[in-house]
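Work through the two exercises below. Each solution goes step by step.

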Amino acid sequence: MIDSTEMAIVDRNAVALGVRETNLMESAGNAVARAVRDLDLDTPEIAVLAGRGNNGGDALTAARFLADLNPTVHLLGHPDRIRSAVTREKYDALQSAEVATNVIRDASALSIGEPEVIIDGVLGTGVSGTPREPERTAIQAINDTEATVISVDVPSGMDVDTGERPGVSVVADQIITFHDTKPGLADHENVTVANIGIPPAAERFTGPGDLQRLTRPTDAHKGDFGRVLVVGGGPYTGAPALAAQAALRAGADLATVLTPEPVADQVQGFSEDLIVRGLPGARIEPTHVSTILEAAADQDVLILGPGLGAADPTREAVGQLLEAYEGKAVVDADAISVVSAVETDASLILTPHRGEFEGLGGESADDRDGWATSAGRVAADLGQTLLLKGPHDVITDGDRTRINRTGNPGMTVGGTGDVLAGVTGATFATLDPVPAAAVAAYLTGMAGDLAAESRNGGLLASDLLGTLPSALGGEQA
Ligand SMILES: NC(=O)C1=CN([C@@H]2O[C@H](COP(=O)(O)OP(=O)(O)OC[C@H]3O[C@@H](n4cnc5c(N)ncnc54)[C@H](O)[C@@H]3O)[C@@H](O)[C@H]2O)[C@H](O)CC1
Ligand SMILES: [K+]
């Protein structure tokens, strides 16, 4: 079962793996054509109703596979308004093959007669709201016939995630859906899931499709995209600054750093973009917990750990903080080992490297699947989400597991973990834990790959601050 957001991500990640969209559409169209032939009708009259999106493209492809049965195609709109090149390519092939086509410029021009079979390629997962003209008239015309109706992917007009039919929608005899079933099809008794050649890797591995989760509405305003609070520093000063800057570069609106007084000026010195507040004393300790909780109250995500050090008072403070905090937090570095010792109602993403992971009771493994299994077990035991860093990162909450393959050996340089923690804080502000960690791992690794591309060696963690915006924009190394 996969919803339309995940399907669009998987679709894009399949293309990034090298599976061409035109081939996906060929497989989709062929599956629909096979369903028509399986009706075993003797030279049936077939009407193909195609919208201007890729759902229409699938239907046009099916028409070509059925050309020997002389189908009639009804294209809803002028060919020049076909949305994608791949659908336009299928349309052009039909025209070259002289398959009978009516271009429906206006709903009143639609006349589909009394076909025995209708292929419903009017609207698919790209529908938004109630069907407008001429799709609306097409849907009604389909429902007014006695034909056997085969819907491409989803019955046109249905919201495939909810099954709702806000306006008119096709009453299908059969639905040929692609790759995996969809939530809205659960109640339909005749759904066929067609494998269209999208490999499981397109779901398991992160890719550029994951960035679709970060789309921003245009009417956004300050703070919509996340206020993050970094609690770090003490023995170290660069770490909290890197994490906070990375959060901003990855899309957070505001980054505040709470750090011990003696280093507050140094941390501020790294960047005027940060809001830095000092806490009394040389390190974070239990007396600071109430101040931190108060500051965290109007933030979206806490990033706990960069540069904190492992002194006992600091560990004690981290434990008290986690026991009292009920929001979202990224837990990194020395703060990680405290998590297994406390009860918390917070929603956490832990970002351990392998050593910190073993400190949580994780078992080392000699292959990626072994690490993934072990990480799933630790995540399930903790009831939290893990982003286990490695040559390939493992993201898991014990139920869903993703693998991130971006990044390069140059990123073992100090500070990249702080950057990852910051990026994760930014994504976690607007996404659920597993998608947030998956996008963050992909982005940080891609930023590292882009930075490494323009150098041979000598990568610095701060270089990633410069390439994160390109990675966010979908640029690939
Ligand atoms: N997921 C896969 O692996 C594959 C999916 N395929 C097919 O692609 C469609 C989704 O295509 P998309 O272009 O995103 O959208 P649609 O074709 O569903 O519709 C968009 C089309 O319709 C117009 N539109 C949107 N809302 C309305 C409305 N309320 N009234 C009228 N018109 C509307 C919009 O303007 C566009 O023109 C998926 O379902 C699959 O069938 C791939 O082809 C194969 C792989
Ligand atoms: K459809």
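Helices (H or I, at least four residues) and strands (E, at least two) are DSSP runs, numbered from the N terminus. This is a predicted model: local features need pLDDT of at least 70, side-chain atom pairs count only at pLDDT 80 or more, and totals for chains, interfaces and linings use all residues. Residues are numbered from 1 along each chain as its sequence is written, chains are lettered from A and ligands numbered from 1 in the order in which they are written, and side-chain values use heavy atoms, with hydrogens and water left out.

**Exercise 1.** Describe the shell around ligand 1.

Solution.
1. Count the neighbours. Ligand 1 is surrounded by 25 residues (a heavy atom within 4 Å). The closest are D58, G124, G126, S128 and D153.
2. Assign elements. Helix 1 (4-16), helix 2 (21-37) and helix 3 (54-65) each supply at least two shell residues. Helix 3 has the largest share, three residues.
3. List side-chain contacts to ligand oxygen atoms. A polar atom of D58 lies at 2.6 Å. For N55 the distance is 2.8 Å. For R83 it is 3.2 Å.

**Exercise 2.** Which residues that line the largest pocket are closest to its centre?

Solution.
1. Take the volume, the space filled by probe spheres set on the grid points, joined across faces, edges and corners. It is about 920 Å³ for the largest pocket.
2. Read the lining. Of its 34 residues, N54, N55, R83, T125 and G126 are closest to the centre.
3. Pocket here means an open set of points on a 1 Å grid over the protein atoms alone, where a 1.4 Å probe fits, with protein on both sides within 12 Å along at least five of seven lines; lining residues have an atom within 4 Å of a point.

Notes: Polar contact = N/O pair within 3.5 Å; in protein donor to acceptor, adjacent residues only side chain to side chain.
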